[in-house]
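We will walk through it together, step by step.

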Amino acid sequence: MNPGFTKSGKYKDVLKTIKKTGKCPFCKENFKYHKKPTLFKKKNWFITKSSWPYKNTQYHFLIISEKHKEDFTQLNTSDFSEVSKLIKWATEKYKIKGGALALRFGSAIYTGSTVNHLHFHLIVPEINKNTKKTNTVHFAVG
Ligand SMILES: [Zn+2]
């Protein structure tokens with residue numbers, strides 16, 4: 001985990017607190033720091049809202065592995081099947097018409113990730129009330 005990469009000051013403070021414990025914030029035993037409820041769960045993956053949603057998002061969900069995995073090669077077809085089901089659940093439940101799915105993986109030097117534990121971002125931009133178009137959401141990598 002690399003608190004240096006994160007942008008929000010408050011998030012950085014929380015991550016520093018977790019880092020002091022030397023534990024992964026997305027592993028079950030440390031997940032108390034995450035204040036949003038688990039919305040839906042499959043065998044090895046679950047979906048929750050981001051505590052610090054990106055700017056201009058209507059929805060920003062995190063789809064998180066129950067097991068601590070950091071490397072893309074640790075994912076198998078059942079992982080993708082479960083993630084797919086969680087995304088389908090969210091798109092129906094929240095009537096999502098479009099958005100993006102993103103996954104950072106590997107070395108934090110390349111990803112700019114704050115948490116190395118693999119998690120997908122399901123990002124849905126908000127509609128601008130004046131223009132009726134979506135406001136752009138920026139997903140950073142590196
Ligand atoms: Zn973990």
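**A guided walk through the fold**

With 12 C-beta neighbours inside 10 Å, Trp 52 counts as exposed, because the cut-off for an exposed residue is 12 or fewer. Keep in mind, as you look, that this is a predicted model. You can find Trp 52 in the loop between S2 and S3. Now look for Lys 10: 42 residues separate Lys 10 from Trp 52 along the chain, yet their C-alpha atoms are 9.2 Å apart.

How many bridges join S2 to S3? There are five, and the two strands run antiparallel. To see the pairing for yourself, find Ile 47 and look across to S3, where Ile 63 stands opposite.

Next, take in the whole sheet. This open sheet has five strands, paired antiparallel in the order S1-S2-S3-S5-S4. Which strands form the edges? They are strand S1 (38-41) and strand S4 (100-103), each of which pairs on one side only. If you follow the sheet across, the average twist is 25 degrees from one strand to the next. Helix H2 packs on this sheet and touches S1, S2, S3, S4 and S5. The direction of H2 makes about 35 degrees with that of S2.

Now let us look inside. In soluble globular proteins, nonpolar side chains tend to be buried together. Here, the largest nonpolar core has 13 residues, and those with the most contacts inside this core are Trp 45, Ile 47, Phe 61, Ile 63, Leu 86, Ala 90 and Leu 122.

For a last stop, return to strand S2, where Lys 49 lies. Is Lys 49 buried or partly exposed? Lys 49 is partly exposed, because 18 other C-beta atoms lie within 10 Å, while a buried residue needs 20 or more. Not counting residues up to four places away in sequence, Lys 49 touches Lys 36, His 60 and Phe 61. Finally, look from Lys 49 to Gly 106: these residues are 57 apart along the chain, and 23 Å separates their C-alpha atoms.

Notes: Residues numbered from 1 in each chain as written. Predicted model: local features only at pLDDT ≥ 70, side-chain atom pairs only at ≥ 80, totals over all residues. Core = buried A, V, L, I, M, F, W, Y, C linked by C-beta atoms within 7 Å. Helix = DSSP H or I, 4+ residues; strand = E, 2+ residues; numbered from the N terminus. Contact = placed C-beta atoms within 7 Å. Pairing = 2+ DSSP bridges. Axes fitted to C-alpha atoms, helices over the stretch in contact; angles between N-to-C directions.
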